[in-house]
There are 2 protein chains.
Amino acid sequence: MRAAKGHGTQNDFVLLPDLDGALRLTPELVRALCDRRAGIGGDGVLRLVRSDNDEDGKRFAAEAEYFMDYRNADGSLAETCGNGLRVFVRYLQRLGLVGHSAAVATRGGIMRARSGSDGDITVAMGVPRVLADRPVVTAAESAARRSLAAVTIPNPHVVVQVEDEDELAGLDLTTAPRVDPALPHGQNVEFVLRRGTRHLAMRVHERGSGETRSCGTGICAAVAAVATAEGLGADAVQWRVDVPGGRCTVAWTADGIELTGPAVIVADLELDERWMEAARSERR
Amino acid sequence: MRAAKGHGTQNDFVLLPDLDGALRLTPELVRALCDRRAGIGGDGVLRLVRSDNDEDGKRFAAEAEYFMDYRNADGSLAETCGNGLRVFVRYLQRLGLVGHSAAVATRGGIMRARSGSDGDITVAMGVPRVLADRPVVTAAESAARRSLAAVTIPNPHVVVQVEDEDELAGLDLTTAPRVDPALPHGQNVEFVLRRGTRHLAMRVHERGSGETRSCGTGICAAVAAVATAEGLGADAVQWRVDVPGGRCTVAWTADGIELTGPAVIVADLELDERWMEAARSERR
């Protein structure tokens with residue numbers, strides 16, 4: 001079976017080309033593929049299928065030819081993923097299936113992407129909703145009074161501002177930051193430092209995953225929260241956001257937030273048949 | 001560039017076939033390949049070269065046709081690796097270069113391997129040297145008085161016996177166990193539980209790597225220490241050792257210790273050229 005490995009600011013994925021929708025992608029197989037030692041390793045799986053050939057994708061087929069079937073590393077379904085979408089579009093381009101721009105169907109709706117002259121890919125992430133300021137108690141107790149906002153885009157985030165580089169670097173994110181009151185369905189928590197004009201540094205704790213090296217919607221939420229706090233709003237001017245896995249840029253326009261960043265294919269893979277057989281039956 | 005990913009009891013490796021010795025394998029490229037998010041991911045790299053075509057391998061060429069050039073994930077050279085050797089031999093078999101048995105040249109000398117009817121591979125690991133009992137202070141203070149022995153095979157190990165499953169499962173190995181006095185060049189520390197007659201469970205902390213899911217020489221050291229403590233010695237009877245990544249068997253014969261375990265190829269890879277270029281120049 002063919003596959004590939006890729007990443008966007010070190011949010012990494014196993015890509016599975018399955019245009020005909022013939023693959024039986026079980027949670028067991030997803031977990032086996034994402035296992036970093038007994039499998040390939042990844043934060044999730046991106047299955048690439050023609051929208052017409054997928055149960056969840058077919059309603060989008062008239063507008064978006066390809067459906068991104070995104071699965072979390074634990075095998076569960078997910079709506080979409082900003083970093084994953086860039087990698088998905090890069091892979092579509094590599095296979096010669098799309099050109100400069102593409103509309104991609106996801107469980108969260110149709111997402112539009114385009115590639116820039118520098119190789120980066122821009123994805124329209126939708127309109128963020130910035131909620132009231134929330135008290136947050138974090139691993140660094142001193143940050144308790146510096147929460148900026150809760151943001152949904154549409155998944156839930158709480159953005160917390162930190163004072164300096166030392167505080168950002170020193171945060172213990174090995175356990176989930178305490179948020180009080182928590183959002184109804186939990187939240188990702190972004191810790192944000194201002195490095196300059198429209199220039200942020202960020203670390204993120206994702207619900208269900210722990211600290212990751214990048215979170216696409218979290219980057220957008222961070223900009224929405226800081227811009228709102230500074231009274232800037234949707235003025236379409238670019239922000240830079242540094243994450244442990246690299247750098248993205250964000251522009252908040254009247255149509256919503258656009259996320260731009262790199263998308264890297266590391267290797268094409270041919271999965272071993274015996275390994276596949278064992279993975280399917282969890283006899284690994 | 002062709003490559004493969006494989007593992008032995010979840011000790012995982014990037015395999016690089018380079019029979020002619022043409023590859024310029026820099027520490028930067030090793031680190032990039034072993035990076036679990038921006039690269040392929042692995043505990044190390046196994047470069048496969050004809051002994052004649054390698055500076056370190058050529059002195060073994062008359063006895064062993066292939067040289068296993070093993071590198072740690074940090075890019076440093078290493079002598080050999082028990083789990084890696086099984087995976088290396090499996091890959092040689094897959095490429096049709098060796099049959100049932102093989103002599104492999106390593107920086108630690110020539111290692112002999114053979115495959116069993118069940119697909120497992122047996123490697124002769126050499127003669128262990130069991131040193132005097134040493135006091136060990138571990139993360140679990142209660143284990144302080146239960147160290148069994150220091151063992152070299154030839155890399156240095158300290159073997160500590162634990163009381164029950166709860167103690168084994170509860171050990172905090174996120175930091176290196178304190179060993180007093182430490183061995184001159186540091187040590188791997190194996191925590192060993194007796195599960196039955198000649199049946200052990202083990203967790204290991206490797207110097208330079210932290211806790212791993214398996215350590216081939218550590219498994220051999222654990223058996224040597226327990227067998228010595230029980231007055232059994234080199235009687236060639238099989239022991240089972242369960243590690244977090246699977247199970248190996250060990251037999252201590254007059255010729256030394258033989259380690260038997262699985263060796264799995266997960267996938268063949270074709271590394272992306274642009275990724276390779278960036279990896280070589282560390283512009284990732």
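**Figure 1. The interface between chain B and chain A in a predicted model.** Chain B and chain A bury about 2,200 Å² between them, and carbon and sulfur atoms give 46% of this area. Buried area is the accessible area (1.4 Å probe) that two parts lose on being put together, summed over both. Arg36(B), Arg37(B) and Val266(B) supply 33% of the area that chain B buries against chain A, more than any other three residues. The contact (heavy atoms within 4.5 Å) takes 23 residues from chain B and 23 residues from chain A.

**Figure 2. The two-fold axis relating chain B to chain A.** In chain B, the C-alpha of Leu269(B) is nearest the axis, 2.3 Å from it. Both copies use the same surface, as 100% of the contact residues of chain B recur in chain A. The superposition is by least squares on the C-alpha atoms of residues with pLDDT of at least 70 in both copies.

**Figure 3. Helix α5 of chain A and its two faces.** Helix α5(A) spans residues 273-280, and its buried residues are Trp275(A), Met276(A), Ala278(A) and Ala279(A). These residues cover an arc of only 165 degrees around the axis, which puts them on the same side of α5(A); the arc is that of the directions from the helix axis to the C-beta atoms. The face turned away from the buried side carries the exposed residues Glu273(A), Arg274(A) and Glu277(A). Buried means under 20% relative accessible area and exposed over 50% (1.4 Å probe, protein chains only). Helices (H or I, at least four residues) and strands (E, at least two) are DSSP runs, numbered from the N terminus.

**Figure 4. The surroundings and the N-terminal end of α5(A).** The buried residues of α5(A) pack against α1 (27-34) and β17 (264-271) of chain A, together with β17 (264-271) of chain B. Asp272(A) caps the N-terminal end of α5(A), with a side-chain oxygen 3.0 Å from the backbone nitrogen of Arg274(A). A polar contact is a pair of N or O atoms within 3.5 Å; within protein, one must be able to donate a hydrogen and the other to accept it, and residues adjacent in sequence count only if both atoms are side-chain atoms.

Residues are numbered from 1 along each chain as its sequence is written, and chains are lettered from A in the order in which they are written. In this predicted model, local features need pLDDT of at least 70 and side-chain atom pairs count only at pLDDT 80 or more, while totals for chains, interfaces and linings use all residues; side-chain values use heavy atoms, without hydrogens and water.
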